[in-house]
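This briefing concerns the structure shown below. Please keep the model in view while reading the points that follow.

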Amino acid sequence: MQVRRKLIAPLLVIAIVAIAWISLGMVVTNSYYQLMLTLVPIWAVMGLSWNLLSGYTGLISFGHAAFFGLGAYTVTIALVKFDITPWLGIPLGMIVGAVAGIVIGYPTFRLRGVYFALAMLAYPMALLYVFVWLGYQEVPLPMKREEPALYMQFSDYRVYIALAVGLLVVSLLISLAVERSRFGMSLTAIKQNEPAAEAAGIDTLAWKMRAIMLSGAVAAAAGGLYAVVLLVVTPDSVFGVLTSAQALTIALFGGIGILWGPLIGAAILIPLSETLQAHLGDVIPGIQGVVYGIAIILVVLLAPEGVFWRVRDQFQRRWATRAVQATPLAPHIVTAAPAPATPRKPILAVSGISKSFGGLRAVTNVSFEIGDGEIVGIIGPNGAGKTTLFNLLNGFLQADSGKVVFAGHELIGLKPNRICRLGVGRTFQVARAFPRLSVLNNVVVGAYATTTNDADAFAAASAALAQVGLFGRADAIAGQLTNKELRLMELARALAGRPRLLLMDEPLAGLASQEIEDMLAVIRSLAARGMTIVIIEHTMRAMVRLSERFVVLDHGAILAVGQPSEVINNGGVIEAYLGKKWAAIRARS
Amino acid sequence: MTSFGTFIEIFLQALIAGVLIGAIYGLMCVGLGIIFGVMRVINFAQGEFLMLGMYFTFYLVVGFNMLWFLGPIVGPYTGALLAGPALFAVAYVLHRFLISRVTGISVAGTEGEGHYVQLILTLGVALVLQNGGLILFGSTPQSVRTPLSARAWEIPLLYDANASLFLNKARAVAGVVSVVVAAALYWLINRSRLGKTLRAAADNASAAIYMGIDVDRAYRIAFGIGIGITAIAGGLVATYNPFQPYIGLDFVIIMYAGVVLGGMGSILGAFWGGMTIGLVQQLSTLVLPTQLQNAAIFVVFLLIVMVRPQGLFGRATERV
């Protein structure tokens with residue numbers, strides 16, 4: 001219900017923009033301004049396409065011209081060679097764009113950050129030379145005098161304006177649908193912390209592939225319509241760097257990660273650069289590129305996330321001074337039940353796993369079992385391979401050898417998101433939040449793993465927050481939390497995926513003594529509900545109280561396994577922690 | 001003559017051309033590699049500075065004929081070398097007022113974010129320079145012709161009296177000058193006091209600050225040197241290759257491919273990376289049509305980043 005009400009405002013804005021634009025198009029008679037009224041929506045669509053991939057995922061594309069150009073050439077070649085009308089050519093181009101998205105995305109998503117951006121640049125550049133080589137230097141679209149409307153050729157320019165606005169509306173609706181669904185939320189989670197998203201059960205590669213396919217199709221549609229409007233296609237105009245830069249600039253200038261951004265960017269930059277080009281283009285031929293260059297420089301220096309966010313932040317700051325801080329609710333107290341003494345059947349069986357990095361053997365032939373419902377502590381000095389072991393268990397690293405069986409499933413070779421979906425939750429040594437999402441949304445991302453509709457995901461997330469006593473902070477932005485709240489939130493995110501086994505990497509690190517007690521109470525309450533928990537921790541005193549069993553690692557190998565009281569009196573363990581001298585003293589006394 | 005003999009001849013011809021062009025590519029890669037290695041800055045506008053180096057040489061030597069006293073052969077090469085200090089000054093100022101705002105210690109904590117901002121800012125700089133170049137210099141292709149451009153040394157092949165290799169003199173001299181400049185820079189970085197300062201700032205910026213090194217100044221100098229070196233390479237390319245204001249785009253990919261291939265932070269690595277790209281480009285003409293020569297470079301570049309992305313920043317995995 002709430003979701004539906006939130007959709008009314010953006011839909012209204014889209015309708016108003018479309019009606020206003022078309023009305024403006026009906027009034028304007030100057031053919032030059034008519035062209036401008038067509039180009040602004042087309043470039044806004046291109047900006048939206050860029051935003052669909054790069055704005056939401058944070059993977060900057062320097063090569064959106066590849067999709068734009070493929071769309072333009074598909075429409076052109078379909079018309080010139082096969083007499084296929086653009087009415088079919090544009091959808092055909094969208095298919096080509098989506099397929100190009102697959103072909104480009106699959107290898108390129110292995111790259112991160114700067115590499116991704118540079119690699120994306122190479123695609124349209126290579127395509128440019130290929131199309132020149134194929135002999136498509138300058139392809140005019142033939143005039144169809146018999147049935148112009150059938151070939152998308154109109155003497156009345158207003159029809160083109162309406163077509164461009166129609167494409168814009170469709171693109172805005174697609175963006176809105178993405179933004180308000182788990183699609184957009186998953187992409188945002190990837191942007192803010194990709195490993196955390198993967199560990200929370202988000203199939204990051206699958207979502208990125210969907211994003212680039214959709215983005216490629218939308219860009220190809222923009223390119224196709226561009227060809228129809230300008231009636232001539234050259235490799236430079238559609239595959240050139242300026243095309244990619246224009247898509248990026250429009251989105252970046254207006255605001256990234258929001259559907260209004262490209263709209264604002266196109267509405268300001270296209271008229272500006274086109275007007276300059278028209279009036280000064282003969283005298284100053286490169287003026288358009290200079291305008292975009294200066295726009296990029298100014299935006300990066302003054303409003304790095306775009307005009308929309310800058311203006312919104314200004315307004316919110318004014319609001320915030322008046323708003324009253326919400327008071328957090330009292331934490332949800334759960335009392336721990338005593339652990340049952342019956343022998344447990346194993347839920348996790350690790351046998352002989354090893355991992356080395358070059359010459360360094362981080363984990364060597366480690367085997368142990370974890371019983372269902374058990375709390376096990378993994379202890380050992382720094383560098384013993386504890387975190388590496390967790391990374392092997394949840395799929396961040398691939399073991400060189402050995403087997404891991406969890407509840408009847410072999411885990412080796414699976415991706416982290418699959419392992420998470422099988423019921424293995426995980427928290428991190430340094431809490432990995434999605435810093436710009438609210439606490440609730442952080443946890444909702446974790447809930448996607450086990451829910452199919454958004455209402456269930458929100459319910460599961462709320463329940464998980466209540467379970468850790470963080471419900472009162474649901475609306476806070478994760479970046480503002482204290483260390484303890486951050487750790488509780490990360491725990492809630494893991495719980496929202498309804499894990500049967502929870503891997504916690506130093507959950508007590510950096511907490512004060514009272515905070516440690518709170519955290520221990522939460523962990524015990526989870527165990528009392530039958531969850532199996534494996535904890536890496538240095539705080540020995542807390543661990544002795546919490547764990548039923550210890551697994552001691554040293555130099556990547558198992559040193560001892562057993563009851564806490566046995567293990568802490570084991571000479572080898574004392575030696576590993578404190579050195580030989582202490583072990584000797586303990587042995588004598 | 002056998003067809004195999006012809007193939008060998010063509011192959012050797014392409015190999016020699018590859019080595020000479022590779023030396024020049026190596027020099028421009030060294031320029032980018034220094035900026036990369038010392039500042040960890042992604043400079044997208046490097047190709048445009050190469051273009052400015054070309055036009056600087058052009059106006060100095062052809063446009064205003066200011067080096068007439070050096071004669072038609074020494075003049076152009078001197079002009080190319082002078083592009084180094086000239087563009088050093090431009091880059092120094094640009095860093096002071098623009099690049100330093102998104103680089104250096106202030107963004108050290110925000111690794112990933114910092115790179116995006118740099119990449120996008122320098123894209124803006126590239127667009128302004130490219131199109132500003134079009135406004136100032138016009139779109140007519142220019143070149144710095146020397147009497148050497150049309151001359152070649154003929155090297156007879158011993159196994160066949162009829163076969164011989166041709167060595168374009170302009171390219172050969174440009175290649176040799178490139179090697180000399182790269183070697184001089186190698187000496188500067190590894191032996192001089194300034195080089196030590198730069199390497200300290202590159203290795204650990206905060207530790208360098210505690211040792212009393214002005215890291216911001218070191219970055220500025222590194223940026224200036226990197227741009228200057230690439231500009232010299234541009235001036236050398238101008239002696240055998242016509243150019244226009246958009247030529248930087250073709251070279252920026254070559255430079256990144258070379259630097260990624262060579263592994264960052266290593267001047268020698270960047271040089272050999274550039275050399276490899278030059279060889280690939282020239283040898284690709286044996287099997288591909290000339291128009292696809294550049295497309296081949298982009299494909300090679302893609303393969304390099306896919307196969308060996310850690311060449312760039314060394315760290316292959318992220319600690320979790």
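In this predicted model, chain A is divided into two parts: domain 1 covers 2–25 + 32–317, and domain 2 covers 346–588. The C-alpha centres of domain 1 of chain A and domain 2 of chain A are 44 Å apart. The contact involves 17 residues from domain 1 of chain A and 22 residues from domain 2 of chain A.

**The side of domain 1 that touches domain 2**

- Helix H7 (182–192) and helix H8 (194–199) of chain A each contribute at least two residues to the side of domain 1 of chain A that touches domain 2 of chain A.
- On that side of domain 1, H7(A) provides the largest share, with 6 residues.
- By residue type, the side of domain 1 of chain A that touches domain 2 of chain A comprises 8 nonpolar, 6 polar and 3 charged residues.

**A sheet in chain A**

- Four strands of chain A form an open sheet in the order E4-E3-E6-E7, and their pairing is antiparallel.
- Strand E4 (360–371) and strand E7 (409–410) of chain A are at the edges; each has a single partner strand, so one side of each lacks a neighbour in the sheet.
- Strand E3 (residues 346–357) of chain A runs antiparallel to E4(A), and 8 bridges join the two.
- Ser356(A) has Arg361(A), in E4(A), as its bridge partner.

**A helix on the sheet**

- Helix H15 (residues 386–393) of chain A packs on the sheet, where it touches E3, E4 and strand E6 (401–406) of chain A.
- The direction of H15 of chain A makes an angle of about 65° with that of E4(A).

Definitions and conventions: Residues are numbered from 1 along each chain as its sequence is written. Chains are lettered from A and ligands numbered from 1 in the order in which they are written. This is a predicted model: local features need pLDDT of at least 70, side-chain atom pairs count only at pLDDT 80 or more; totals for chains, interfaces and linings use all residues. Domain bounds come from an automatic or database domain assignment. Two residues are in contact if their C-beta atoms, placed from the backbone, lie within 7 Å. Ala, Val, Leu, Ile, Met, Phe, Trp, Tyr, Cys and Pro count as nonpolar, Asp, Glu, Lys and Arg as charged, and the others, Gly among them, as polar. Two strands pair if DSSP finds at least two bridges between them. Axes are lines fitted to C-alpha atoms, for helices over the stretch in contact, and angles run from 0 to 180 degrees between N-to-C directions.
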